[in-house]
Amino acid sequence: MKKEARKYYLDILKVISIFCVMYVHTGNDGMHIYETTEGLSHYASFFLREYAHTCSYMFFMITGALLLKKEEDLKTVLLKRVLKYGVIILLAETTRLIYYNIASGTKLSFKGWFSAIYSTNVLEQYWFLHAYLAFLIMLPFLRMIAKGVSKQTALYLLVLLTIFEFGCSYFEILMDLSRISISVPLLTDIIILPLLGYCAEYVLSDWLEKFSVRAVVYVAAILAFAADLLYTHKMYLAGNIIPEMNGSYFIMTIGLYVLGRKLFMNVGKKHRLDERKVRILSSATLCVLLLEPELREFTHIVYEISAPYLGWLVAVLLWLAAAYFMAVVINLLYRIFTEAILKTIGQKKKHEKA
């Protein structure tokens with residue numbers, strides 16, 4: 001079977017999304033600066049606050065586009081994906097728990113460790129890693145569903161999403177109603193989004209080549225974003241907790257995915273240098289997810305130095321770029337180190353056989 005060409009637009013979307021992940025955690029320097037600013041700066045900050053909510057949704061769409069088409073037996077899924085990813089999470093969380101206890105001067109018991117690993121995310125940001133692991137556990141079943149999706153059922157899936165997650169949400173707000181009593185588990189983010197990513201790549205891809213179809217998607221995403229901004233900003237001004245409008249985020253993410261797919265489709269086909277850069281940047285996303293608090297902390301000085309001269313927005317962008325560059329360097333060093341070890345082991349086994 002001929003290996004499918006790498007889709008570099010997915011790498012670019014991953015990089016954009018990981019910047020959004022970091023932005024969500026910039027606190028009063030970026031994410032929440034709308035609380036202390038007025039005018040254009042206030043609205044720009046609030047705009048970015050809502051846009052950044054698409055980051056985790058985009059990762060699940062990308063994951064569906066990459067994994068649901070693959071043919072792997074259950075053993076491969078469990079060993080290559082579930083176990084491997086589970087071990088990464090276990091090591092990352094165990095390391096953090098040990099560090100937290102050393103820093104606080106307390107002793108980490110086995111019960112405390114097991115309870116934290118079993119029942120919590122250890123670090124707030126790690127919720128995504130747990131959600132992704134849940135997706136991998138369900139991967140064989142989601143692949144079975146994906147194989148049976150036709151254009152008709154893909155559109156039906158979009159209609160269900162629009163009605164229950166977007167339409168009903170705003171209808172309930174207007175009519176002062178509680179959440180609809182009909183539950184559709186298929187619309188859970190770690191199920192619906194990977195399926196939609198798969199549909200965009202393999203079921204509806206020919207339709208997405210038509211400008212008229214893409215235009216409908218773009219308009220829907222803009223309207224969803226507008227509805228989200230109007231309502232959430234109204235709630236903010238009223239002094240209420242700003243709600244998370246998942247239905248809007250779903251539709252916004254679909255629009256951004258379709259836009260990114262079109263804009264970056266040719267990356268890697270014509271420019272080899274661009275291809276290499278994109279691959280290096282994209283491969284650092286897991287490093288960011290694992291070390292994001294430390295990366296932001298160590299590079300915060302970039303923000304402190306530049307903010308008084310360049311303004312908060314440019315300063316935040318430079319800060320996050322520095323944090324991401326650090327992740328790229330760490331990831332490259334890790335890959336060089338592991339490749340050297342594997343090469344040494346391979347040479348040793350070859351020598352023993354000789």
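Q: Before we look at residues, what counts as a helix here?
A: Helices are DSSP runs (H or I) of at least four residues, numbered from the N terminus. Keep in mind that this is a predicted model. As a case, L91 is found in helix α4, which covers residues 74-104.

Q: Is L91 buried or exposed?
A: The idea is to compare its relative accessible area with a cut-off: exposed means over 50%. L91 has a relative accessible area of 53%, so L91 is exposed.

Q: Let's turn to helix packing. At what angle do the axes of α2 and α9 cross?
A: Start with the axes, then look at the side chains. The axes of α2 (residues 39-51) and α9 (residues 211-237) come within 10 Å and cross at roughly 120°. The crossing of α2 past α9 is right-handed.

Q: Which residues of α2 and α9 meet?
A: From α2 come H42, Y43, F46, F47, E50 and Y51. On the α9 side they meet F225, D228, L229, T232, H233 and Y236.

Q: Now charges, please. How many salt bridges are there?
A: The rule asks for a side-chain nitrogen of Lys or Arg within 4 Å of a carboxyl oxygen of Asp or Glu. By this rule the count is 14 salt bridges.

Q: How far apart are the closest N and O atoms of K147 and E71?
A: They are 3.4 Å apart, and the two residues form a salt bridge. K147 sits in helix α6 (residues 127-147) while E71 is in the loop between α3 (55-67) and α4, so this pair ties together parts 76 residues apart in sequence. Both K147 and E71 are exposed.

Q: Which residues are linked in a network of salt bridges?
A: Look for charged residues connected through several bridges: K7, E201, E209 and R261 are linked in such a network.

Technical notes: Residues are numbered from 1 along each chain as its sequence is written. This is a predicted model: local features need pLDDT of at least 70, side-chain atom pairs count only at pLDDT 80 or more; totals for chains, interfaces and linings use all residues. Side-chain values use heavy atoms; hydrogens and water are left out. Helices (H or I, at least four residues) and strands (E, at least two) are DSSP runs, numbered from the N terminus. Buried means under 20% relative accessible area, exposed over 50%, partly exposed in between (1.4 Å probe, protein chains only). Axes are lines fitted to C-alpha atoms, for helices over the stretch in contact, and angles run from 0 to 180 degrees between N-to-C directions. A crossing is left-handed if the near helix is turned anticlockwise from the far one by less than a right angle, and right-handed if clockwise. Contact means heavy atoms within 4.5 Å.
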